[in-house]
Amino acid sequence: TLLKQRIQKMGDVVFQMDLESAVRYSLKLEIANIKIIQDEQLKALVAYLGVVEKYFPFGHNASSFLKELIDFTHNVGQIEGWKIGEIVKRAEENRVFSSPQRFLACEGSLSRYRGYPCSLWKLFHYLTVNAVQEENPKEILDVMHGYVKFFFACAVCSQHFQEMAARRNMSDVASLDSAILWLWEAHNEVNERLAGDLTEDPEFPKRQFPTNEACPRCVNLDNSWNSEEVLKYLKNMYGSFNVRYIGSD
Ligand code: FAD
């Protein structure tokens, strides 16, 4: 509980443990559960692994683990999902990850709350903020769309997200900054829809993000968002230089 209190006091920070747990969970518990992965689903997996390799803040010893995953999925017609799970388990035995698979800032007050979905949002916000491919500013949003469509086990969430991507013209996003803001707005729409829902953790009520206390400048006098300030806030919070390890302040 002391740790919990300390984490809550830190406010909007991103922990390596939550990001790593998102990737591990997605590989071991979503992708590994699919019997045969092929066609569009395989493309979505290859694209997902590609951005994780490019932008994820894994330590040095994870590079061979990622290479193994990428080699395994490249230029093949189909793969068996469980084999992905095996590769991750072997990496765990070789201590590739920096921590046990647990959630830290994403831990709910009860195990049915928060956890993986929270970490998945953080993972994709992190990726939008740290992506650098100017020629393809939608790179991360497309990967997220593919991941959520083909692998995210929450079917309702997946449908909502796909519907939102179409309605909010995700495919028109034309710069890296707009991609960061697109995901922020989309996430706020979800927060609004789920406020007061049964799935809401009473200790972490859904609010519009960032809160006024966390970023007073993010809201204009007329109550509209100041997107320049929001962008700064997101870049600071999700910037790779600001990812915290447990124990670091
Ligand atoms: P989350 O909403 O998971 O947010 C995680 C963290 O991200 C927050 O603690 C905060 O630090 C940060 N954050 C919050 N808002 C923003 C923002 N706007 N921009 C940047 N950072 C932010 N659940 C359903 O019941 N129905 C659904 O339809 C549904 N759709 C989903 C779609 C997707 C793509 C995902 C990933 C999840 C979805 N979920 C859905 C789960 C739901 O959105 C939450 O993840 C879950 O309820 C846990 O909520 P949480 O309180 O941990 O905060």
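## A first look at the core, the helices and the ligand shell

The largest nonpolar core holds 59 residues, and those touching the most other members are Tyr 48, Leu 123, Ile 140, Leu 141, Tyr 147 and Leu 183. Please keep in mind that this is a predicted model. From the core, we move on to a pair of crossing helices and then to the ligand.

- At least two core residues come from each of H2, helix H3 (39–55), helix H4 (63–73), helix H5 (81–93), H6, helix H7 (139–150), H9 and helix H10 (227–238).
- H6 gives the most to this core, supplying 8 residues.
- Setting aside neighbours within four places in sequence, Tyr 147 has contacts with Ala 44, Tyr 48 and Phe 152.

**Where H2 meets H6**
- Helix H2 (residues 16–30) and helix H6 (residues 116–130) have axes that cross at roughly 105° and come within 8 Å.
- H2 is therefore roughly perpendicular to H6.
- On the H2 side, the contact is made by Asp 18, Leu 19, Ser 21, Ala 22, Val 23 and Tyr 25.
- H6 brings Tyr 116, Ser 119, Leu 120, Lys 122, Leu 123 and Tyr 126 to the contact.
- Sorted by class, this contact of H2 with H6 has 8 nonpolar, 2 polar and 2 charged residues.

**Around the ligand**
- The ligand is surrounded by 25 residues, of which Pro 117, Cys 118, Cys 157, His 187 and Phe 209 are the closest.
- By class, the shell around the ligand has 14 nonpolar, 6 polar and 5 charged residues.

Key: Residues are numbered from 1 along each chain as its sequence is written. This is a predicted model: local features need pLDDT of at least 70, side-chain atom pairs count only at pLDDT 80 or more; totals for chains, interfaces and linings use all residues. Axes are lines fitted to C-alpha atoms, for helices over the stretch in contact, and angles run from 0 to 180 degrees between N-to-C directions. Helices (H or I, at least four residues) and strands (E, at least two) are DSSP runs, numbered from the N terminus. Angles under 35 degrees count as roughly parallel, over 145 as roughly antiparallel, 65 to 115 as roughly perpendicular and the rest as oblique. Two residues are in contact if their C-beta atoms, placed from the backbone, lie within 7 Å. Ala, Val, Leu, Ile, Met, Phe, Trp, Tyr, Cys and Pro count as nonpolar, Asp, Glu, Lys and Arg as charged, and the others, Gly among them, as polar. A residue is near a molecule or strand if its C-beta atom, placed from the backbone, lies within 6 Å of it. A nonpolar core is a set of buried Ala, Val, Leu, Ile, Met, Phe, Trp, Tyr and Cys residues joined through C-beta atoms within 7 Å. A residue is buried if 20 or more other C-beta atoms lie within 10 Å of its own, exposed if 12 or fewer, and partly exposed in between; C-beta atoms are placed from the backbone.
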